[in-house]
Amino acid sequence: MIGRLSLLIVALVAGIAVASLIPGFSQSVRKAIGLMSEPGAAQSRGDTASRAEQRKPATEPTDEKQNIIKLTEEQIIAARIDLVAIQGGTLSRRLIVPGTIVPHADRIARVTVKLSGTVAELRKRLGETVEQNEIMAVIESREVADAKSEYLAAKTTDDLRQTLFVRAKMLWEGKVVTENDFLRARAAAEEARIKMEVARQKLSALGLSEEQIAALPEQPVGSLPRQQLRAPIKGRVVERKVDLGTAVGRDNLETELFVIVDLDRVWIELAVSPADLPVVREGQSVSITTRGISEKVDGKIVFISPLMDKETRSARVVAEILNNDGVWRPGSFVTAAIAVEEQPVPLVVPSSAIQTIGGEKVVFVRTSDGFEKRAVVAGRSDPRFTEITTGLQPGEIIAATNTFPLKAEFMKGAAED
């Protein structure tokens, strides 16, 4: 009996286990034996969580987070963001023409010799900087030695004749000598003075300055054949045409030793077509740019040729620019923007300062913490500046260059929100 009861219990348990795997098994039976939870419980819990999420308020970005990005002064410098103050300016209509950089015609000097001799010293090399009146070379010449000797002899004679004339004048006034003796002393003194002046002029023609001539009596005799050549202007040596021992001077010999160019100011030669020539005037401002140089430089037109080039049928126009850093090298091709019409406006910003975010034009105003995104309304513009009609006040500081990273940062923040 006990064995049958055990067998029945085992069969019942096995049947329940198999039935639990059958989809159509009675829900009530499953609940009774604990195989299934209350059908609406899980769904109820899910709906409750879903409703809770829906009731949870979304985090809205604040105006400060949307409009301000924090940057330190060091970060602004590292990003190479230039700052400018808002102020009035001038909008220009510009004529774009090609040009070439050439040396300033008044800033080129050639160091030459005016006598026959040989190069004894070369004190400056190609590319070196020189100052005005700095010694560049020394020439040894028999011609200059003869001229110096002649001058020194004439000066000695003149000094003596002038002394005798002064003494003769005193004696004549004291009735000690006759008038004829006085006149002969005066004539001899005048003749000596003329000979000395002729010898001085000869030295000047050979290239000696007044200071060099005045110092001759104190110089040793051995230095008479040596002639110093000095730089007529300050600048840089761009050509050296002789070596040590080179014979120079007349008789088809080399007379030019160095070429010096001062590149602190350079010229821009522009080719302007006849159709554009009527709007170009001397004194107009010009903005110069070229490939390979990020910055630009402003100058003025100083010359407009009255003649047209026979081959290009264009007029030669010359503009002058500053070149203190030496970045504008003669021979380079440039692009010039000539301001042919100018119009003042009350408020302008560099065009590079304006970006477009969300369909509106914005600029980035400097704050104590970084930059504030400010919507603006733009007016007229030229290639350099844009008029601002609303959105900014005079004196505010804005980012003028490298503003795209700021735009990207603001857009990144908006996307994250």
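**Questions and answers on a predicted model**

Q: Leaving aside neighbours within four places in sequence, which residues is V297 in contact with?
A: Let's start inside this predicted model, with V297 in strand β14, which covers residues 293-308. Once its neighbours within four places in sequence are left aside, the contacts of V297 are V286, S287, I288, I321, L322 and W328.

Q: How far apart are the C-alpha atoms of V297 and V286?
A: V286 is one of the residues in contact with V297. The two are eleven residues apart along the chain. Between their C-alpha atoms the separation is 8.3 Å.

Q: Does V297 count as buried or exposed?
A: Buried means under 20% relative accessible area. V297 has 13% relative accessibility, so V297 counts as buried.

Q: How far apart in space are A109 and P232, C-alpha to C-alpha?
A: A109 sits in strand β4, residues 108-112, and at 8% relative accessibility it counts as buried. Not counting residues up to four places away in sequence, A109 touches P232, I233, F258, V259 and I260. A109 and P232 are 123 residues apart in sequence, yet their C-alpha distance in space is 6.7 Å.

Q: How many helices and strands does the secondary structure of the chain come to?
A: The chain has 417 residues, of which 33% count as buried. Its secondary structure comes to nine helices and 22 strands.

Q: Are α6 and α7 roughly parallel or antiparallel to each other?
A: Helix α6 spans residues 142-173 and helix α7 spans residues 179-205; their axes are 8 Å apart and the packing angle is about 155°. Angles over 145 degrees count as roughly antiparallel. The relation of α6 to α7 is therefore roughly antiparallel.

Q: How do the residues of the contact of α6 with α7 divide into nonpolar, polar and charged?
A: The crossing in which α6 passes α7 is left-handed. In the contact of these two helices, the residues divide into 15 nonpolar, two polar and twelve charged.

Q: What is the phi of N133, which is not a glycine?
A: N133 is found in the loop between β6 (129-130) and β7 (135-140). Its relative accessible area is 48%, so N133 is partly exposed. Although N133 is not a glycine, its phi is positive, at about 70°.

Q: Where is the place of N402?
A: N402 is not a glycine either, and its phi is positive, at about 55°. With a relative accessible area of 41%, N402 is partly exposed. Its place is in the loop between β22 (397-399) and α9 (404-416).

How values were computed: Residues are numbered from 1 along each chain as its sequence is written. This is a predicted model: local features need pLDDT of at least 70, side-chain atom pairs count only at pLDDT 80 or more; totals for chains, interfaces and linings use all residues. Side-chain values use heavy atoms; hydrogens and water are left out. Axes are lines fitted to C-alpha atoms, for helices over the stretch in contact, and angles run from 0 to 180 degrees between N-to-C directions. Helices (H or I, at least four residues) and strands (E, at least two) are DSSP runs, numbered from the N terminus. Angles under 35 degrees count as roughly parallel, over 145 as roughly antiparallel, 65 to 115 as roughly perpendicular and the rest as oblique. A crossing is left-handed if the near helix is turned anticlockwise from the far one by less than a right angle, and right-handed if clockwise. Ala, Val, Leu, Ile, Met, Phe, Trp, Tyr, Cys and Pro count as nonpolar, Asp, Glu, Lys and Arg as charged, and the others, Gly among them, as polar. Buried means under 20% relative accessible area, exposed over 50%, partly exposed in between (1.4 Å probe, protein chains only). Contact means heavy atoms within 4.5 Å.
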